[in-house]
Amino acid sequence: KNLKRAQELYEVAAYRGYAPAQHILGNWYNTSEASHEDKHKVVSFYEQAASQGYALAQYDLGVCYEDGEGVQQNKNKAIELYQQAADQGYVLAQYNLGVCYEDGDGVVQDDQKAVEFYEKAASSGYADAQFNLGVCCWMGKGIKKNKKRAAELFTQVASLGQGHADAQYYLARWHDKENGVQD
């Protein structure tokens, strides 16, 4: 394992315009111990890769704008970047857009749009999106109330071995109060 040599090779590829290498270098500098200068390198590498349409970099750059890491916080720019990555099928971007629309964070609050994005991410097996979609079905938020579908989603999430306590809680409520699912 020669990290210095790996970094050198990533830098050569990045400077030649190879988007995956630019993204990896952005991740390389994006640590909790990163200096202010390193945070600017993170953004620079993500911007280079994102400008080439690299979905992972678009998403990560969106996170930088959402959190104000290495750039001035700009929710609109974050949404734009998440949308670009989501349009390419990047699940985390789809999920983040769902959360943004559900909470009205950087966009006009819209439960139906939140459900659309949760559906996309959930269809790829993303547990948090399945859970949030389940909650929307449970409460009738942005979608017709359907506790049976909610229970199916919660069962999927709870059975993924990720110990999703919230999904297990909703399932317990379903079994305890609704008595709608047979064991």
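A salt bridge here is a side-chain nitrogen of Lys or Arg within 4 Å of a carboxyl oxygen of Asp or Glu. The close-ups below come from a predicted model, and by this rule the count comes to six salt bridges.

**Close-up 1. E69 and K39 meet in a salt bridge.**
Here the N to O distance is 3.5 Å, so the pair falls within the 4 Å limit. The two partners come from distant parts of the chain, 30 residues apart. K39 belongs to helix α3 (residues 36-50), while E69 sits in the loop between α4 (55-67) and α5 (75-87). How accessible are the two ends? E69 counts as partly exposed, at 37% relative accessibility. K39, on the other hand, is buried, with a relative accessible area of 15%.

**Close-up 2. E80 pairs with K77 inside helix α5.**
This salt bridge has an N to O distance of 3.4 Å. The two residues are three residues apart in helix α5, which means about one helical turn separates them. Have a look at both side chains: E80 is partly exposed, with a relative accessible area of 40%, and K77 is partly exposed too, at 27%.

**Close-up 3. E102 and K141 form a salt bridge.**
In this view, the closest N and O atoms are 3.0 Å apart. Is E102 buried or exposed? E102 is buried, because its relative accessible area is 15% and the cut-off for buried is under 20%. K141 is partly exposed, with a relative accessible area of 26%.

**Close-up 4. The largest nonpolar core has 55 residues.**
Now we leave the charged pairs behind. In soluble globular proteins, nonpolar side chains tend to be buried together. Which residues have the most contacts inside this core? They are L61, Y82, L97, F131, L133 and F154. Helix α8 supplies the largest share of the core, with eight residues.

**Close-up 5. F154 and the residues it touches.**
F154 is among the residues with the most contacts inside the largest nonpolar core. Leaving out residues up to four places away in sequence, F154 touches F131, G134, V135, W138, A167, Y170 and L171.

Notes. Residues are numbered from 1 along each chain as its sequence is written. This is a predicted model: local features need pLDDT of at least 70, side-chain atom pairs count only at pLDDT 80 or more; totals for chains, interfaces and linings use all residues. Side-chain values use heavy atoms; hydrogens and water are left out. Helices (H or I, at least four residues) and strands (E, at least two) are DSSP runs, numbered from the N terminus. Buried means under 20% relative accessible area, exposed over 50%, partly exposed in between (1.4 Å probe, protein chains only). A nonpolar core is a set of buried Ala, Val, Leu, Ile, Met, Phe, Trp, Tyr and Cys residues joined through side-chain atoms within 4.5 Å. Contact means heavy atoms within 4.5 Å.
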